Amino acid sequence: MAILENKNASAFEPGNVEVKTSKLKKTDASSPPAELLIIAPEAEGNYPVLLFCHGYCTKNSWYSQLLQHVSSHGYIVVAPQFYQCLLISLNDEIKIAAKVANWLPAGLAVSLPQNVKPDLSRLALMGHSRGGKVAFALALGYAPTSLNFKALLGLDPVCRLSQPGWVEPDILSYVPHSFHLSIPIGIIGTGLSNQTKGIIPPLAPDGFNHSEFFNESKPPCCYFLTKDYGHCDMLNDPNVALASLVCKSGKDSKEKMRRGVGGIMVAFLKAYLGGECEDLESIVATPTIAPIILNPVIHIKE
């Protein structure tokens with residue numbers, strides 16, 4: 001039998017809720033608009049929901065260890081796969097993310113274990129890398145959704161310029177606090193993401209990365225820089241090794257990175273979806289409690 005969550009468990013350690021990981025195909029009975037990775041608690045209860053957008057040229061399953069950490073603290077995670085072999089435009093990714101959000105009220109509950117209920121009044125949105133831009137664009141209203149997001153997280157988000165038709169919309173204005181959002185925002189950056197990998201340019205260059213996303217966020221907002229890690233170091237181990245061929249990777253344990261990032265996610269979600277601020281305030285006050293170096297850590301409340 002699944003064990004109910006221990007509220008005293010550290011956010012950086014796996015939670016006490018047993019979780020189930022499943023994949024939904026577009027042909028399944030609930031007719032999701034995209035293939036979905038769903039990670040949910042097995043214990044009976046009503047749980048907040050996190051919609052997670054994967055990064056460029058990655059798969060939703062590459063984040064399973066990170067997302068299982070979050071779910072084990074009492075969250076349902078829904079991660080769509082935006083494409084398979086053929087890449088699509090960013091606008092198309094945003095539209096798919098919106099369709100998945102609109103599918104949640106009718107489709108999610110019937111796709112979960114019996115007596116596990118999604119609480120869509122506590123819905124958060126998150127994305128990594130280009131998926132971070134997708135998440136911000138969706139929250140900013142670039143595609144219509146029937147639900148209201150209550151919190152927004154960017155995991156090393158990138159808004160890099162390229163061919164206009166490929167990366168539209170350009171959501172950065174380079175004006176402080178200019179995002180027209182009234183929900184809490186959390187930004188998790190990586191210290192090595194602005195560095196080259198041999199002759200390969202950085203995947204998250206200065207001016208287009210986590211720093212600018214935080215600069216344009218309105219309070220309440222948080223910023224955490226994982227100083228010694230790279231842009232893809234939170235992926236599952238085999239996938240980190242593959243990503244390290246094209247981007248700078250930290251030398252320390254990737255398991256620690258996943259626990260560090262996962263703990264920040266849990267603390268932020270507990271604070272802004274559940275009103276339990278103790279873990280977030282502890283991290284802000286004493287960043288050394290994390291298993292990785294966080295420097296700087298910034299929390300602007302109002």
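**Helices that pack together**

Modeller: Helices (H or I, at least four residues) and strands (E, at least two) are DSSP runs, numbered from the N terminus. Residues are numbered from 1 along each chain as its sequence is written, and side-chain values use heavy atoms, leaving out hydrogens and water. The model is predicted, so local features need pLDDT of at least 70 and side-chain atom pairs count only at pLDDT 80 or more, while totals for chains, interfaces and linings use all residues.

Biologist: At roughly what angle do the axes of α1 and α7 cross?

Modeller: Two packed helices are described by the angle between their axes and the distance between the axes. Here the axes of α1 (residues 64-71) and α7 (residues 254-274) come within 9 Å and cross at roughly 40°, each axis being a line fitted to C-alpha atoms over the stretch in contact, with angles from 0 to 180 degrees between N-to-C directions. The two helices are therefore oblique to each other, since under 35 degrees counts as roughly parallel, over 145 as roughly antiparallel, 65 to 115 as roughly perpendicular and the rest as oblique.

Biologist: Which residues of α1 meet α7?

Modeller: From α1 they are Gln65, Leu66, Leu67, His69 and Val70, and among their partners in α7 are Arg258, Val261, Met265, Val266 and Leu269; contact means heavy atoms within 4.5 Å.

Biologist: Which helix do Ala267 and Ala271 of α7 meet?

Modeller: They meet α8, and the residues of α7 in that contact also include Gly263, Ile264, Lys270 and Tyr272, with Asp279, Leu280 and Ile283 on the side of α8. The axes of α7 and α8 (residues 278-285) come within 7 Å and cross at roughly 130°, which makes α7 oblique to α8.

**Buried residues**

Biologist: How many residues of α1 are buried?

Modeller: Six of the eight are, so α1 is largely enclosed by the rest of the structure; buried means under 20% relative accessible area, exposed over 50%, and partly exposed in between (1.4 Å probe, protein chains only). The six are Ser64, Leu66, Leu67, His69, Val70 and Ser71, and they pack against β1 (19-24), β2 (35-41), β3 (45-53), β4 (76-81), β6 (151-155) and α7. In α3 (residues 130-139), 10 of the 10 residues are buried, so that helix too is largely enclosed. Arg130, Lys133 and Phe136 are among these buried residues of α3.

Biologist: Where is Ile38 found, and is Ile38 buried or exposed?

Modeller: Ile38 is found in strand β2, and its relative accessibility of 1% makes it count as buried. Although Ile38 and Val77 are 39 residues apart in sequence, their C-alpha atoms are 5.7 Å apart in space. If neighbours within four places in sequence are set aside, the contacts of Ile38 include Lys20, Leu24, Val77, Trp103 and Leu112.

Biologist: Where is the place of His231?

Modeller: His231 sits in the loop between β8 (221-226) and α6 (237-243), yet it counts as buried at 2% relative accessibility. Not counting residues up to four places away in sequence, His231 touches, among others, His128, Asp156, Thr190, Leu203 and Lys248.

**Backbone angles**

Biologist: What kind of peptide bond joins Pro219 and Pro220?

Modeller: That bond is cis, with omega about 0°, and Pro220 is found in the loop between α5 (210-215) and β8. A cis peptide bond also joins Asn295 and Pro296, with omega about 5°, and here Pro296 lies in strand β9 (residues 294-300).
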